[in-house]
Amino acid sequence: MSRNQAISLQDILNHPQVKKVTEDVNAELVERMKYKPPRCEVFAHPHTVLEETDQYRFELDPEAEKQLPNIIGNRVQLVRGRDAVDDAVARQYGRPRNIGIVFSGGPAPGGHNVIAGLYDAAKKVNPATRIFGFLVGPDGIVENETVELNDEMVDRYRNLGGFTMIKTGRTKIDTREKMSLSRETCRSLQLDALVVVGGDDSNTNAAFLAQELIADGIQIIGVPKTIDGDIQVRDAAGHVLCAMSFGFHTAARAFAGAISNLCTDSSSDIKYWHICKVMGRVASHLALEVALQTHANMTLIGEDLADYVDEERQKQAEIDGGIDYHAFGMTLRHLSRIICEAIVRRAAVGKNYGVIVIPEGVLEFINEIQVFILKLNTIIADFNQTHDRDFHSFFPRLEDKLEYLRRLAQRSREDSAFKLWNARDDDLFNDIPAFFQEGLLMERDSHGNFPFSQVETEKVLLGLVQDYLNILKEEGKFKVGIRKDYYRKTLERAGLDPDRYGPVLFGNYSDNEFLLVKPGIISVKTLAQALQKEKLMADGDRLPAAVENIFKKSMPSFKTQNHFYGYDGRGNDPTRFDCIYTYNLGLTVFSLIANGATGQMAAIKNLDMDFGRWEPIGIPIAPLMHLEERKSKLALVIEKSIVDVQSIAFQVLKAHREKWLAAVPGDDHFRRPGPIRFTGNSEEERPITLELNAIGNSEG
Ligand code: FBP
């Protein structure tokens, strides 16, 4: 202490060691930025060409044919490497260009490498090519906010997560005005091409931009980004063209790392159930990958719940000669019962702890909630249209919104033709907790998506779980199993005969490893009565302390810790898979641009195979589009890919559910995915989901 006092703070701050450890840059970062992702073989050649193929076909939506006439005929393009091409092609390929790039939607690890790949390829072919980054998402296009990228900027973000270099935003270019401002921006920058790095909605936007700007000679190329993993492309015959959007692997691995640590902690201090909500607005791909990475005790998969059929109800309906529609799909109540059953079964073998993974979008797959979301979407959209006012600014408080709904319910009583919101809807809605009512009434994003990340969906479910566990506890059905050897030792140490007390205390006092206190014994009072009845103590005697101790250990409390894994994983530095994938996507983007493509999405085929078999391709966006209801109107969008419950990855999870629940004596079966790295021999090659599904792919 006295020695430190002699040194001035300034001296400390000037000390080389202090300077080194307080720098923004550390050794890990330097190493990461220096990493050079390998390139697919085609990019080793000085030129690339595009080979159109009819091998892959799509079912075209007539509306897409109508609205996107100039790009609907696009075909899949295979990128091929060439050592020499004829002069005209070489001149066209190598001419200087102005290229704009924009990030759209939520960040996804690897975005900077898309830029780096594009930048490296473009500058190598012609150093006079200029790359502009649009700032803060599509707003940057509409408002002409750009930055010209240079070596220093690109190098600073190589292999790093986030979209920090140029930021991102969720604006949709969906009006004539925004479209014409975008055209003006592209013209003023004399852009040859614009690259949209985004999810399903942003690639949808890219298709409309491509159609609109084709006359101006401006090419539009999309890039499949989203941690949600819901951009996966197959052709009509089921051939996989894009197995996964970029960012998915990193986010899943980041969530899995944190959740795996919780598995370790929970099985160490054995007192908490950790409830882990993981991102993925609708699809449960991330939850599925996390389950395969961690072997958490229980993982809900939304798509599986939607598929649920209550066999008993269905059988009864068959006997009655009718159809019971309530037999199909999962209700919140039923789901809470399933979770409780798992908790009770683990407790019975002494494991009153564990880890549950809940996908962010799970409620989208629950019958009654889905109905609410659809009805409220329509109500809000109708209000906005009829009153030309925004529902949310008109009714800023929850009470005002509820009052409006009440008025609609009243209207349905007076006008039988009005069916949108009836008295039953209103009653049911008033039964749910206020925070969730507020969540369901929240403003949708510019694409009409429900903001699940901002609603504590897991709390709704947990409320029901807690209530039902309390009931089970009162009925004596929720107990912590007591190890038989521990019971015997405790009683013997107190000078009591375990075999005299055992049959009175426990319902299964035979050769079971874990003993369950009889259902009728649920309090110290009922325990004393049971002992008195069997003359093991007299009225007025104190309970033997050892027996009381055992009883108390058998009474469970359901203690939870809630966690949300979303933004943290989204901001993680990319895995090696995502580093390589995105860098090659950037190279693919340049090949598509240099060869004149537009309305195409850059992709890498065979992602589920060894790197040597990866094939850069261009996928036509327009043929992927179909009509879907958005903000109560039919709109052309790219279909989100949700978890296929027939897929091998899901079937493998399903087959392991019982094992990973581990509701039997013995250890849990947790798996440790380890930290995310980009070097080293043990770093996994690709997401487990891809690894498994590849087994079933037609070309796998
Ligand atoms: P994208 O589809 O735009 O990639 O975003 C995915 C996502 O991270 C979802 O998982 C999540 O529900 C949502 O974004 C969160 O949105 P926000 O960043 O606006 O809170």
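Guide: The part to look at is an open sheet of four strands, paired in parallel, in the order 11-12-10-15. Bear in mind that the model is predicted. At the edges of this sheet lie strand 11, residues 298-299, and strand 15, residues 560-565, each of which pairs on one side only. Strand 11 runs parallel to strand 12, residues 354-359, and two bridges join them. Thr299 has Val357 of strand 12 as its bridge partner.

Next come the helices on the sheet. Helix 12, made of residues 248-269, packs on the sheet and touches strand 10 (273-278), strand 12 and strand 15. The direction of helix 12 makes about 175° with that of strand 10. Helix 13, residues 285-294, also packs on the sheet, where it touches strand 10, strand 11 and strand 12. Its direction makes about 155° with that of strand 12.

For a helix elsewhere in the chain, take helix 10, which has 13 residues, 176-188. From first C-alpha to last it reaches 18 Å, close to the 18 Å expected at 1.5 Å a residue. Its buried residues are Met179, Ser182, Arg183, Thr185 and Cys186. Seen down the axis of helix 10, these fall within an arc of 160°, so they line one face of the helix. They pack against strand 4 (130-134), helix 8 (139-142), strand 6 (193-198) and helix 11 (200-213). The face turned away from the buried side of helix 10 carries the exposed residues Arg176, Glu177 and Glu184. Just after helix 10, Gln190 takes a positive phi of about 50°.

How values were computed. Residues numbered from 1 in each chain as written. Predicted model: local features only at pLDDT ≥ 70, side-chain atom pairs only at ≥ 80, totals over all residues. Heavy atoms only, no water. Expected span 1.5 Å × (residues − 1). Buried < 20%, exposed > 50% of the residue type's maximum accessible area, 1.4 Å probe, protein only. Arc of directions from axis to C-beta. Contact = heavy atoms within 4.5 Å. Pairing = 2+ DSSP bridges. Axes fitted to C-alpha atoms, helices over the stretch in contact; angles between N-to-C directions.
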